[in-house]
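Please walk through this model with the structure open beside the text.

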Amino acid sequence: MSIPHRGQIALSLLVALALASFTVVGFAKKKEKKTTATQMEDSKRALHALQRLSFGPRPGEVDRVAAMGVDKWIDQQLHPERIDDSSLNARLEPYRTLRMDTREIVENFPPQPVIKAVMDGKKPMPSDPVKRAVYQAQIERLEEKQERKQEAATAPPPAANSPTDQAASDSTATPADNSTNNASTASKPSVQDEQLAKHREDRLYADLKAQELLEMPPDQRMKQVLEMPPEEQRALSASLKGPKADEFMEGMNPKQKEALKALNNPEQVVGDELMQAKLLRAIYSERQLDEVMTDFWFNHFNIFIGKGPDRYLITSYERDVIRPHALGKFEDLLVATAKSPAMLFYLDNWLSVGPNSDVALGIRKNPYPRRRYRPFPPNPNQAKGKGKRNNGLNENYGRELMELHTLGVNGGYTQHDVTELARVLTGWTIDQPQKGGGFKFEERMHDPGVKVVLGHKFKNHGEKEGMEVLHLLAHHPSTAHFICTKLAMRFVSDDPPPALVESMVETFLKKDGDIRDVLKTMFQSPEFWSDNAYRAKMKTPLEFVVSAVRATGADVSDPLPLARQLNTLGMPLYGMQPPTGYSMKSEAWVNSSALLGRMNFSLALMSGRIKGIQVDADRLVSPVADAATPGLPPASADPQRTLATLEGSLLAGDVSKQTHDAITKEMENQATASSDAKAAVARKNGALPATSTGTIAGLILGSPEFQRR
């Protein structure tokens, strides 16, 4: 059967999807006018809990949660330490960077500053042969880059003949001269052409070498790679992609696999493993609420992976700062982020120097310190030392700490508060950031004197000042309101009921910012279980992609293609550059281009066109439908039974007539376009030709009902 282009397949549902977005907005407005909320039916409670506290149900999970008891399941999720997650841990085992501290990551997957230090003799070359190969490959790459730069700088400029001179030259030249000139020009390819030719030659050689090495056992194969010249190693590493890479690395240990990838790009190994782990956790973890909250807090305290050393710092940031505090006390989380090298670097606080600090005034560090007395503020006529810096006070972190992390944009602070907070946090820096160092308080960068933030005075206590102001912010009523509103927005609706938010704020202030208690208050509220809250939230691209994989029971052997799909859908992992993080509101994700992209993803997933993802669409249908209708032909052979069964398994049977009719119409369009013999027989008997189960499942995953949670 010929299948129409996937964009054409999706077209019939786009109208329904667009209308769904308007319905969500209109529904929210109607809800605000209601004085009492109707509670949802008991049959919806298990699905609603799974849609909000997890990344979506897996096959059969709605029934399992209903049988356990929804309240019991929620309590279990609120205590992830009680849940066995060994199956996920086994999947994460190959990703060694997840267990490394930042210094280890930098040492094993060196960035350019480390490579330059080795080249300059400031750092020794590793003795381990695997690490050594990675360093040598990067040294050669950097040397080649420097040579090309020098060649470009010393190359003579092209002759600046005017068009008139060139024309005159051409007119006086004989045919033989022109022939000679043309031949000379043709015989001298450009530098770019030479590089392209060399690249093609290297790739061809790498492909041949890879085939030769495949005949060897894994250890011998790796030994041969380590003995290759660095240039050949890099070419081989660059050629290993997809199934070819899987075949070449089969039987190798995790360290060997990482080294092969690092030969070409060490930094990419770190980022790839981080993204793969995030997707695997979201898809397979039994501690689903913990994963949802880790994602929520990372987005709240957002850091962009593309900013310098943060490529190496984010692994520790998510593992050691965000995840351990995801369900703990907000103040502990706030302090952990404030002292995190990743945050200090991202928002530039590590460079912030107090205007009246020793560093700013050019006062040299005394190797034998003794107590000094100097007036404050300093005499403006005081001579300035030779090494004096300009005023280096940086307000980036202070501003975002108030606006995005605690009080909120309308939290009652002023520009003066931002400046004073920035002064408090001077000296909060990083010990050797390019080498993966940790938090360090540098007294010489700290601005002395009294500071006033939000009407509170903070005496000159060095690092202690910062802890005091963080305590003030963590317990401020505006912070409680801002945080609780964002939580309600994530779990309930884009415009959460004020009564719910106030109830959560009361718990936040009474329970010392205990996040678990605040969530418990929300999950036990009538607003959370309101019928208005059911499927009232539009899924973000991450939520959509992960929920589709979970709903279909797909097996993920390589999560990176899913990460690339998220790039296409506009939500690259760790890729939000501004500190605002990704929006949780429907309006940010509802437009025709985005909805078409989601439909295309759904159809690609269910037709097996996304590498590294194995999904058996027929398995979603046959066991359920065949057991319910014994004696009939397999359900997969009957498109109408297939549709009904998939609507039940993927949408819990809760599908609108509009969506059902739209999918049926698309199935009819495909049937009409079918020209094979089986289709002709089916039409002759008054039935629809069979539409593939994967196509029907893909259409359902792209439906308005599946887009919402």
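The model is a predicted one.

Begin with α2 and α4. Helix α2 covers residues 42-53 and helix α4 covers residues 70-77. Their axes come within 10 Å and cross at roughly 15°. Angles under 35 degrees count as roughly parallel, so α2 is roughly parallel to α4. The crossing in which α2 passes α4 is right-handed. Which residues make the contact? From α2 come Arg 45, Ala 46, Ala 49, Leu 50 and Leu 53. They meet Val 70, Asp 71, Trp 73 and Ile 74 in α4.

Next come α8 and α15. Helix α8 runs over residues 129-154, and helix α15 over residues 254-262. The axes come within 9 Å and cross at roughly 10°. This pair is therefore roughly parallel too. On the α8 side, the contact residues are Val 130, Val 134 and Gln 138. On the α15 side, they are Lys 255, Ala 259 and Ala 262.

Thr 294, Trp 297 and Phe 298 are the α17 residues in the contact. Across from them, α18 supplies Ile 314, Tyr 317, Glu 318 and Ile 322.

Now turn to a single side chain. Gln 276 sits in helix α16, which covers residues 266-284. Is Gln 276 buried or exposed? Its relative accessible area is 6%. Buried means under 20%, so Gln 276 is buried. The side chain of Gln 276 has a polar partner: a contact of 3.3 Å joins it to the side chain of Tyr 95. Beyond residues up to four places away in sequence, Gln 276 touches Tyr 95, Asp 558, Pro 559 and Leu 560.

A polar atom of the Asn 394 side chain lies 2.9 Å from the backbone nitrogen of Asn 396. What else does Asn 394 contact, once neighbours within four places in sequence are left aside? The partners are Leu 347, Asp 348, Asn 349, Ser 352 and Ala 422. Thr 419 is 25 residues from Asn 394 in sequence. In space, the C-alpha atoms of Asn 394 and Thr 419 are 8.6 Å apart.

Finish at α30. This helix covers residues 592-606 and has 15 residues. From first C-alpha to last, α30 reaches 21 Å, close to the 21 Å expected at 1.5 Å a residue. At its start, a side-chain oxygen of Asn 591 reaches to within 3.2 Å of the backbone nitrogen of Ser 593. How many residues of α30 are buried? The count is 11 of 15, which leaves α30 mostly covered. Among the buried residues are Ala 594 and Leu 595. Others, including Arg 598, Met 599, Asn 600 and Phe 601, are buried as well. After the helix comes Gly 608, with a positive phi near 75°.

Definitions and conventions:
Residues numbered from 1 in each chain as written. Predicted model: local features only at pLDDT ≥ 70, side-chain atom pairs only at ≥ 80, totals over all residues. Heavy atoms only, no water. Helix = DSSP H or I, 4+ residues; strand = E, 2+ residues; numbered from the N terminus. Expected span 1.5 Å × (residues − 1). Buried < 20%, exposed > 50% of the residue type's maximum accessible area, 1.4 Å probe, protein only. Polar contact = N/O pair within 3.5 Å; in protein donor to acceptor, adjacent residues only side chain to side chain. Contact = heavy atoms within 4.5 Å. Axes fitted to C-alpha atoms, helices over the stretch in contact; angles between N-to-C directions. Parallel < 35°, antiparallel > 145°, perpendicular 65-115°, else oblique. Left-handed = near helix turned anticlockwise from the far one by under 90°.
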